[in-house]
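Here is a short report on one protein model. Look at the sequence and the 3D view, then read on.

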Amino acid sequence: MSLAAPELSKPAGEEVEQVCLPEHCFHSFDTLFCALTSQKPIPPKFPDGEFPLFVTWNTKASRPGKPHKLRGCIGTFEPQPLKDGLAEYALISAFRDHRFRKIEEWELENLECSVSLLTDFEDVETYLDWEVGVHGIHITFPHPSLIPVAPSPSSAPSPLGSSSSVQTRGVLKHTFSATFLPHVAEEQGWDKIETIDSAIRKAGWSGRISEDLRRALKVRRYQSRSCAVTWEDYAQWRTDNGGSL
């Protein structure tokens, strides 16, 4: 879910005044639409501040009451000029999220686009120092074999755990990292421990998750300003602005 710079930065410019606008989503949608159809894009008119950002594509729910399905989500923690950054990550998340095949033109009418502008980054003292539904989390940790183990086990093995593979020098130097945007834990119904453990899995660690591993995490919490639009919203906006479909 993340193509992120090693250092998480605070947004530049108008941190408080700037909010996530439907126009940010329309610009992202327009970039994808024009990439797939060779139509002429509508020039964006919103202020070009700089923010860390994520662009998310979802497939609309098949029936009322059913959740949408993730179709692609990638972003960066490095502040980006909004006009260029949204356009870039709209395409990266549509075409280069390795969890999914590339989005194709026939899917456009079933898509929703969500933009998240990230704010309020804070390092935390413990891995539980954040709030579900309020904060996103970014975790980093070294290979668990390099983490000092307490004299006695502090937690039982995770039921999702598996024995680790033979360690090589390259593996031991590897740093794991992952992020969840603020809405993810709440949507999944996870508590803090479940979210942390899911982030550890997302980072690529498939071995045992111990309390020693959790305590070794470097966690940074953040908040986001988000907005979402449907294909119908975008199509109306494009038509109102003189574009063809």
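## The sheet

An open sheet is built from 6 strands, in the order S2-S1-S3-S6-S4-S5, with antiparallel pairing. Strand S2 (69-81) and strand S5 (175-180) are the edges. Each has a single partner strand, so one side of each lacks a neighbour in the sheet. On average, neighbouring strands are turned by 25° against each other, direction ignored. Two strands count as paired if DSSP finds at least two bridges between them. Strands (E, at least two residues) and helices (H or I, at least four) are DSSP runs, numbered from the N terminus.

This is a predicted model: local features need pLDDT of at least 70, side-chain atom pairs count only at pLDDT 80 or more, and totals for chains, interfaces and linings use all residues. Residues are numbered from 1 along each chain as its sequence is written, and side-chain values use heavy atoms, with hydrogens and water left out.

Strand S3 (residues 111-123) and strand S6 (residues 218-230) are antiparallel and share 10 bridges. Asp 123 has Arg 220 in S6 as its bridge partner.

## Helices on the sheet

Helix H1 (residues 22-37) packs on the sheet. H1 touches strand S1 (50-59), S3 and S6. Its direction makes about 125° with that of S3. Helix H7 (residues 231-240) lies across S3 and S6, at about 60° to S6. Contact here means heavy atoms within 4.5 Å. Axes are lines fitted to C-alpha atoms, for helices over the stretch in contact, and angles run from 0 to 180 degrees between N-to-C directions.

## A closer look at H5

Which residues of helix H5 (residues 192-202) are buried? They are Thr 195, Ile 196, Asp 197, Ala 199 and Ile 200. Buried means under 20% relative accessible area, exposed means over 50%, and partly exposed lies in between (1.4 Å probe, protein chains only). The cover over the buried residues of H5 includes strand S4 (136-142), S5, helix H4 (182-188) and helix H6 (211-216).

Both ends of H5 have a detail to find. At the start, a side-chain oxygen of Asp 191 comes to within 3.2 Å of the backbone nitrogen of Ile 193. Just after H5, Gly 204 has a positive phi of about 115°.

## Salt bridges

Side chains of opposite charge can pair when their charged atoms come close. A salt bridge is a side-chain nitrogen of Lys or Arg within 4 Å of a carboxyl oxygen of Asp or Glu. How many salt bridges does this rule give? The count is 14. Arg 71, Arg 101, Glu 104 and Glu 107 are linked in a network. Within this group, Glu 107 and Arg 101 meet at 2.9 Å, N to O. Glu 107 is buried at 6% relative accessibility, while Arg 101 is partly exposed at 45%.

Glu 122 and Arg 221 form another salt bridge, with the closest N and O atoms 2.8 Å apart. This pair links distant parts of the chain: Glu 122 is in S3 and Arg 221 is in S6, 99 residues apart. Glu 122 is partly exposed at 33%, and Arg 221 is buried at 17%. Glu 211 and Arg 215 pair too, with closest N and O atoms 3.4 Å apart. Both lie in helix H6, 4 residues apart, or about one turn of the helix. Glu 211 is buried at 13%, whereas Arg 215 is exposed at 59%.

## Nonpolar cores

In soluble globular proteins, nonpolar side chains tend to be buried together. A nonpolar core is a set of buried Ala, Val, Leu, Ile, Met, Phe, Trp, Tyr and Cys residues joined through side-chain atoms within 4.5 Å. The largest core here has 32 residues. Phe 29, Val 55, Trp 57, Cys 113 and Val 115 touch the most other members. H1, S1, helix H2 (82-95), S3, S6 and H7 each give two or more residues to this core. Apart from it lies another core, of 27 residues, among them Val 124, Ile 196, Ala 199 and Ile 200.

## Positive phi values

Most residues other than glycine have a negative phi. Ser 38 is not a glycine, yet its phi is positive, about 65°. Ser 38 sits in the loop between H1 and S1 and is exposed, at 69% relative accessible area. Asp 120 also has a positive phi, near 55°. Asp 120 lies in strand S3 and is partly exposed at 31%.

Notes
A polar contact is a pair of N or O atoms within 3.5 Å; within protein, one must be able to donate a hydrogen and the other to accept it, and residues adjacent in sequence count only if both atoms are side-chain atoms.
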